[in-house]
Amino acid sequence: GCTDGDSCWRELLDNKPPMMYLILFFVAYIGATVTTLIQHNIFWDIMPKFIVIGGVSVAIMATSYGIARRLKRYDLLDVAWGITFIGIALASYGMQKGDRTEKDVQLLILVLVVIWGVRLSWYIFQRFRRHTTVDPRYEKLWQSWRGNRDVQVFWRIYMVQAFLALLVMIPVIHTNLLDHARWGIQTYIG
């Protein structure tokens, strides 16, 4: 086990080389996102909205954690994953400037995310209902954890998933908050 932050990072990177690449990817991804916002002089306009959208992600995951804790089924997280994407898409769509009637690209993206999120959550919810015990993957995951399992599950699973959902949705957030998103080759390809 690690006793301080430095040795925790060293242990993580030494023992799990693929994790190192994932961490480096997310650091580069966040850096590129912030750099782009600064270069286009929209950092201070976007960041407060991004923080609110992040709050939506955290609120959805925290609510699902509360329900999961009450049910004693922490694998409810899998159902909440699609709902979190929907919440992020709706929040970012609702924060647009200007006339929404001119935002057909953003509306298309919102509709697609909602359809996908509902389908994903519904499918996983059906699987969740069929089983009466926690998914064995989660049981295995927290077997080695020390301390209060409920606290560990909240921070190490639910809040990490809230953060990851936010990162995955950066392109949707970015498109929804743009004033000038138009139909183009990327729209047709994407």
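## Packing of α3 and α4

In this predicted model, the axes of α3 and α4 come within 9 Å. They cross at roughly 155°. Angles over 145 degrees count as roughly antiparallel, and α3 and α4 are therefore roughly antiparallel to each other. The crossing of α3 past α4 is right-handed.

From α3 come I53, V56, S57, I60, M61 and S64. From α4 come L77, A80, W81, I83, T84, G87, I88, A91 and S92.

## Nonpolar cores

The largest nonpolar core holds 22 residues. Within this core, I53, I88, M169 and I173 have the most contacts. Six elements are listed as giving two or more residues to it: α2 (17-39), α3 (43-71), α4 (77-94), α5 (104-130), α7 (149-168) and α8 (170-177). A separate core has 21 residues, including Y65, L77, I124 and F128.

What does I53 touch, beyond residues up to four places away in sequence? The partners are I88, A91, S92, M95, L166, I173 and L177.

## Chain overview

The chain has nine helices and zero strands.

Of the 190 residues, 37% count as buried. Take the contacts between residues at least 6 apart in sequence: 74% of them join residues at least 24 apart.

Methods. Residues numbered from 1 in each chain as written. Predicted model: local features only at pLDDT ≥ 70, side-chain atom pairs only at ≥ 80, totals over all residues. Heavy atoms only, no water. Helix = DSSP H or I, 4+ residues; strand = E, 2+ residues; numbered from the N terminus. Buried < 20%, exposed > 50% of the residue type's maximum accessible area, 1.4 Å probe, protein only. Contact = heavy atoms within 4.5 Å. Core = buried A, V, L, I, M, F, W, Y, C linked by side-chain atoms within 4.5 Å. Axes fitted to C-alpha atoms, helices over the stretch in contact; angles between N-to-C directions. Parallel < 35°, antiparallel > 145°, perpendicular 65-115°, else oblique. Left-handed = near helix turned anticlockwise from the far one by under 90°.
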